[in-house]
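Subject: Structure handover

Hello,

Here is the structure I promised to pass on. Please open it alongside this email.

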Amino acid sequence: MTSTDKPLTVVVIGLGQMGHSHALAYHHNPGFQIIGLVDRRRPGKTFPDELKDYPLLSSFEEALSLKPDVVSVNTHTATHADYAVAAMESGSHVFVEKPLAVTVSDAERVVSTARRTNRKLVIGYILRHHPSWVEFIHQARQLGPPFVMRMNLNQRSSGDAWAIHKRILEDVKNPIIDCGVHYVDVMLQITDSQPVQVRGMGLRLSDELPPDQGQVNYGHLQILFADGSVGWYEVGWGPMMSETAYFVKDIMGPRGSVSIVMDESKKATADGEDGCGSADINSHTRTSNIRVSTVVDGQARNKMLSMEGEPDHYELCAREQQFLLDAIREDRDLSKHMQDAVKSLGIVLAADRSMRENRSIDLE
């Protein structure tokens with residue numbers, strides 16, 4: 001085994017929904033060797049069999065003392081920046097879940113630390129590793145500019161899933177900030193134009209959210225671009241969310257339209273008992289089919305691209321970690337990857353500010 005083939009040691013910080021998935025990705029990838037896990041133990045919490053034999057560490061500081069090659073940060077958003085910076089300062093490469101931080105200045109601090117320490121920083125933009133979404137973006141780019149970009153992902157969450165969403169809102173206050181970065185990032189990949197203005201709206205639709213902490217569980221943003229393109233994104237969390245039209249991924253341009261069309265068998269009924277429904281984690285990334293409509297001689301001509309065999313959530317996490325491994329071993333330049341993460345974060349934060357100040361925000 002050469003030095004470049006030697007597994008990279010990794011500690012996983014946080015074993016919630018995403019951390020658990022990434023830990024399994026490291027476990028199954030021979031390019032990594034897990035040397036420790038850090039997690040807040042909760043009564044009744046169990047680990048999958050694949051992770052039971054790894055050392056359970058008591059703190060982030062203990063994890064850094066092991067001098068791992070990689071630190072995987074999958075904790076609450078408010079801790080992302082400080083953990084990522086500390087890990088890179090100690091000599092580790094970093095994978096960090098999105099959003100990168102809760103402020104643009106903190107996100108920029110993380111990126112500047114990566115550049116100064118010459119460490120690789122990969123942010124968890126999972127859709128960038130999804131072949132169906134790559135195809136969706138490719139097809140969309142053929143239709144304009146300008147573009148009309150319509151996207152949403154509402155989740156009727158209850159029980160443990162709603163508890164997770166409420167905990168996330170303690171940090172980010174608005175679901176647009178947590179998951180909107182994915183779909184704003186998609187818009188930015190479709191149009192190369194500069195975003196110039198954003199407008200945000202939001203509502204608190206649950207008495208379970210503290211009325212004095214600024215939390216909303218429904219959000220909507222609209223973006224204007226310099227080339228005339230427009231985009232909107234909508235997100236809602238909680239048991240009150242509708243299962244009707246909860247998954248919209250639709251792009252229009254002068255030369256036609258392209259849409260992600262979910263398999264009807266995967267949708268939930270009104271009572272939420274049939275199909276996967278909006279709360280299912282795979283519904284966040286599943287495409288099933290892509291409908292492409294192109295304008296020829298003033299008429300729309302349709303074709304359906306089947307995405308059968310597309311990767312599930314766990315496979316996508318595996319692809320993310322392979323991207324990290326390749327970036328480290330091949331010394332890839334991740335400048336644009338990092339800049340794009342800061343840019344999409346800045347837009348969703350501006351949308352949240354717009355909501356709170358009840359005005360449009362001009363983007364620099």
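This is a predicted model: local features need pLDDT of at least 70, side-chain atom pairs count only at pLDDT 80 or more; totals for chains, interfaces and linings use all residues.

Domain 1 puts 15 residues into the contact, and domain 2 puts in 14.

Strand E7 and its partners

Strand E7 spans residues 148–153 and pairs with strand E10, residues 230–236. These two run parallel, with five bridges between them. E7 also pairs with strand E11, residues 247–253. Here the strands are antiparallel, and the bridges number six.

Val 148 shows both pairings. Its bridge partner in E10 is Val 230. In E11, Met 252 stands opposite Val 148.

As background, most peptide bonds are trans, and most residues other than glycine have a negative phi.

Look at the loop between helix H5 (131–141) and E7, where Pro 145 sits. Pro 146 belongs to the loop between H5 and E7 as well. The bond from Gly 144 to Pro 145 is cis, with omega near 5 degrees. The bond joining Pro 145 and Pro 146 is also cis, with omega about -5 degrees.

Which residues other than glycine have a positive phi near 55 degrees? Lys 67 is one of them, with phi near 55 degrees. Lys 67 lies in the loop between helix H2 (60–65) and strand E4 (70–73). Its relative accessibility is 58%, so Lys 67 counts as exposed; the cut-off for that class is over 50%.

Asp 297 is another, also with phi near 55 degrees. Asp 297 is in the loop between strand E13 (289–296) and strand E14 (299–306). With 74% relative accessibility, Asp 297 counts as exposed too.

His 165

Is His 165 buried or exposed? His 165 is buried, because its relative accessibility is 8% and the cut-off for buried is under 20%. The residue lies in helix H6, residues 159–172. Leaving aside residues up to four places away in sequence, His 165 touches Gln 155, Ser 157 and Trp 237.

The second largest pocket

This pocket has a volume of about 400 Å³. It is lined by 16 residues. Closest to the centre are Val 104, Gly 346, Ile 347, Ala 350 and Leu 363.

Where does the largest share of the lining come from? Helix H9 supplies it, with eight residues. At least two lining residues each come from helix H4 (104–117), H9 (335–357) and strand E15 (361–362). By class, the lining has eight nonpolar, five charged and three polar residues.

Best regards

Methods. Residues are numbered from 1 along each chain as its sequence is written. Side-chain values use heavy atoms; hydrogens and water are left out. Helices (H or I, at least four residues) and strands (E, at least two) are DSSP runs, numbered from the N terminus. Buried means under 20% relative accessible area, exposed over 50%, partly exposed in between (1.4 Å probe, protein chains only). Contact means heavy atoms within 4.5 Å. Two strands pair if DSSP finds at least two bridges between them. On a 1 Å grid over the protein atoms alone, a cavity is a set of points where a 1.4 Å probe fits but cannot get out, and a pocket is an open set with protein on both sides within 12 Å along at least five of seven lines; lining residues have an atom within 4 Å of a point. Grid points are joined across faces, edges and corners, and a volume is the space filled by probe spheres set on the points. Ala, Val, Leu, Ile, Met, Phe, Trp, Tyr, Cys and Pro count as nonpolar, Asp, Glu, Lys and Arg as charged, and the others, Gly among them, as polar.
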